[in-house]
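The following report describes a two-chain model, going from the individual chains to the places where their parts meet.

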Amino acid sequence: MHELPQQLANGLALGALYGLIAIGYTMVYGIVQLINFAHGEIFMIGGFGALTAYAALPTGTSLLIAIPIMIVGGALASVAVATAAERFAYRPLRSAPRLAPLITAIGLSIALQQLVWQFYPDAKKAVSFPEFKGAAFKITDSLAIQRADAFVLILAPLCMLALGVFVQKSRSGRAMQATAQDPDTAKLMGINTDRIIVMAFAIGAAFAAVAAVAYGLDKGQINFEMGFILGLKAFTAAVLGGIGNIYGAMVGGVVLGLAEALSIAYIEDIPGMSQLGGGAWSNVWAFVLLIVVLLVRPQGLLGERVADRA
Amino acid sequence: MRHRSLLVLTTVITTGALTLTACGSRDEAKTGDKSDGKKTVVVIGVDAPLTGSLSALGQGIKNSVDLAAKTANKNNEVPGIEFKVEALDDQAVPASGQANATKLVGNKDVVGVVGPLNSGVAQQMQGVFASANLAQVSPANTNPALSQGDNWGKGEYKRPFKTYFRTAATDVVQGKFAAQYLFKDAGKKKVFVVDDKQTYGAGLAAIFSDEFKKLGGEVVGTDHVTVKETDFSSTADKVKSSGADSVYFGGQYPEGGLLADQIKKTGANIPLMGGDGIQDPAFISASGEANEGDLATSIGYPVEKLPTAKTFIADYQAGGYKDPYAAYGGYSYDAGWSVVQAVKAVVAANSGKLPDDARAKVVEALSKVSFEGVTGKVAFDEFGDTTNKQLTVYKVEGGKWVDVKSDTFNQ
């Protein structure tokens with residue numbers, strides 16, 4: 001068990017990444033009850049936007065200066081695509097049956113992947129992304145935190161905090177809550193619900209761009225398909241934490257990340273379970289956990305509303 | 001109104017049907033007078049992942065076969081025959097491969113197919129081709145069961161499909177070669193084995209493990225990764241705490257590159273070795289600079305070093321293809337050329353014309369093909385496997401794959 005702290009750190013970092021992406025699912029769902037399956041691709045586009053911003057900088061720019069610019073570049077790209085998707089793909093279908101926008105989202109996700117594959121230079125396979133130079137931070141003998149993991153572990157709570165303050169305190173944030181509770185009444189109260197919906201998409205996309213930069217810095221590469229599995233996992237995290245609840249997204253992400261890391265490391269040590277452990281089974285255990293949680297708490301860990309609209 | 005629209009519809013359909021029939025009869029008329037001077041068109045099908053994460057390899061396969069067809073046309077290799085290439089995309093998905101196989105079988109001009117890249121895809125295509133008696137030559141499949149039957153591991157060799165050929169050596173050769181290199185030449189005794197659960201990766205990892213243990217080495221741990229996932233940090237930490245001095249990975253470069261990188265990041269400074277699936281520039285370029293010392297086996301001698309490959313490389317560059325020929329370019333060219341040679345033999349035996357049962361004849365002719373190709377001597381044994389068992393170990397040095405040992409495997 002001496003590697004436990006290390007595996008916990010791995011799980012936390014992975015979970016924080018899931019949580020950042022899950023925000024996008026949960027905000028959009030909270031307001032328009034749409035599962036935006038193209039969100040994984042919004043994340044991917046954030047990564048390519050950040051890479052483009054990095055490429056535009058003079059070579060040798062310190063990462064400390066480059067990272068904020070990359071986040072801005074990534075967010076510009078992902079927010080542009082997300083709001084365009086909302087305007088042209090989802091808004092025309094807002095009064096259509098629930099399945100129509102869902103299928104649209106899946107189609108959009110495939111189309112976005114293919115567009116990047118076709119038109120981004122050299123994106124037919126993984127393209128390299130700047131990485132942190134230097135060794136991991138050694139905390140104890142059995143715990144070393146990668147620089148990129150430290151980056152996401154610091155940034156994710158900060159982002160969450162900012163979002164929480166925004167939703168609770170700002171005028172737009174309160175309008176957002178009102179729209180989530182009852183769009184028709186909110187409209188009657190003079191809230192421009194279309195604007196609020198665009199804002200939800202944009203915030204989700206900006207968080208996805210932050211996640212994409214963190215992902216790229218960690219893995220040293222991004223590719224056009226990376227949004228697919230991560231998007232699914234983040235969606236799972238959002239459901240686990242209670243879809244519609246922004247804190248739930250982060251909690252769900254962390255729980256999911258920890259479950260994966262610990263199941264890879266320890267399930268096979270349980271007597272008689274050696275065949276059911278390791279990386280091959282981590283997704284299975286993650287979903288077993290999801291089902292157990294949903295059996296006990298159908299609304300998810302932090303979900304408040306009963307699933308009256310899902 | 002209703003009647004009128006019905007009338008319009010009927011008219012349209014009838015006109016359409018008439019036009020189609022007309023087309024059909026004209027086509028047949030054309031086939032009739034092929035003998036006077038006009039060339040018969042013969043299609044070589046290609047199936048490879050032309051999109052998706054393995055597209056770099058797939059595009060290389062497609063272009064190389066295209067080059068083989070163009071070269072055959074230019075040199076008038078088979079008088080009276082013009083070769084064309086029809087390339088289909090399988091996205092490395094077995095079901096797509098099967099659909100493509102059905103499509104190629106349906107095109108009566110197709111006399112041979114080059115592909116696919118993935119062993120898992122090939123499994124789904126073999127049956128379709130066998131029932132249509134259409135020859136298939138894969139430039140990249142390495143899973144032994146494809147040509148030697150499911151029980152090859154128990155020493156029972158039975159060729160399941162007589163239409164299946166390949167220019168790539170099997171994983172048995174490759175896995176054993178890798179184990180011998182790692183144990184004897186690199187002096188590693190404790191290996192951690194990871195695979196991606198796919199036909200190719202899991203098969204290769206199992207063969208490697210068996211041979212490594214037979215040689216006296218120790219497999220200190222195993223784990224599996226899931227294709228298209230990207231976070232392997234937990235597996236990487238398991239590798240580190242297992243005390244292994246090397247890692248063997250059965251799988252492809254997208255996961256391999258990430259795994260190698262993440263293992264190095266834990267501070268475990270040990271090399272990762274893999275098969276031809278990771279021997280791609282993307283393995284290095286995509287995961288930073290941490291790949292120094294990683295190893296890979298690949299089939300054949302390095303294309304760049306073979307005297308026979310000089311013309312291929314020059315022609316490929318002159319051909320103006322957008323993507324490089326990649327790891328399987330030479331084998332794909334040879335696979336395409338073997339189909340050309342088979343057609344040549346068939347046409348020669350039928351007094352200069354393509355016989356009606358060209359497909360069956362091509363299958364027969366393929367088993368007798370023998371020529372000096374890009375990758376050396378190209379010929380197939382009784383299982384349809386290549387007789388060429390040359391292998392090379394590559395090592396990452398200075399951010400590039402450098403060949404460190406080439407040998408002919410005999411056992």
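What radius of gyration would a compact globule of 310 residues have, and what does chain A have? A compact globule with 310 residues would have a radius near 19 Å, and chain A has 19 Å, which agrees; the radius is taken over C-alpha atoms, and the globule rule is 2.2 Å times the number of residues to the power 0.38.

## Basis of the description

This is a predicted model, in which local features need pLDDT of at least 70 and side-chain atom pairs count only at pLDDT 80 or more, while totals for chains, interfaces and linings use all residues. Residues are numbered from 1 along each chain as its sequence is written, and chains are lettered from A and ligands numbered from 1 in the order in which they are written.

## Chain A

The secondary structure of chain A consists of 11 helices and four strands, where helices (H or I, at least four residues) and strands (E, at least two) are DSSP runs numbered from the N terminus. Along the principal axes, the C-alpha atoms of chain A fill a box of roughly 60 × 55 × 35 Å. Of its 310 residues, 51% count as buried, meaning that 20 or more other C-beta atoms, placed from the backbone, lie within 10 Å of the residue's own. Among contacts in chain A with a separation of 6 or more, 74% are between residues 24 or more positions apart; two residues are in contact if their C-beta atoms, placed from the backbone, lie within 7 Å.

An unreviewed UniProt entry places the feature "transmembrane region" at several spans of chain A, including 39-57 and 63-85; such annotations may be inferred rather than shown by experiment, and the positions are given in the numbering used here. In the model, residues 39-57 of chain A are 95% helix and 0% strand, with end C-alpha atoms 27 Å apart, whereas residues 63-85 of chain A are 100% helix and 0% strand, with end C-alpha atoms 31 Å apart.

## Chain B and its domains

Chain B comprises 13 helices and 14 strands, and 54% of its 411 residues count as buried. An automatic or database domain assignment divides chain B into domain 1 (40-169 + 303-380) and domain 2 (172-299 + 392-408). The centres of these two domains of chain B, taken over C-alpha atoms, are separated by 29 Å.

Across the boundary, 15 residues of domain 1 of chain B are in contact with 15 residues of domain 2 of chain B. On the domain 1 side, α2 (55-74) and α4 (119-132) of chain B each supply at least two residues, and α4(B) gives the most, with three.

## Contact between the chains

Between the chains, 29 residues of chain A are in contact with 30 residues of chain B. On the side of chain A that touches chain B, α1 (4-32), α9 (226-241) and α10 (246-266) of chain A each supply at least two residues, and α1(A) gives the most, with four.

## The largest nonpolar core

A nonpolar core is a set of buried Ala, Val, Leu, Ile, Met, Phe, Trp, Tyr and Cys residues joined through C-beta atoms within 7 Å. The largest has 210 residues, of which L17(A), A211(A), V247(B) and V343(B) touch the most other members. Helix α8 (residues 193-219) of chain A provides the largest share of this core, 18 residues. Domains 1 and 2 of chain B both give residues to this core, so it lies between them.

Leaving aside neighbours within four places in sequence, A211(A) is in contact with L17(A), L20(A), I21(A) and F43(A).

Definitions and conventions
Buried ≥ 20, exposed ≤ 12 C-beta atoms within 10 Å, placed from the backbone.
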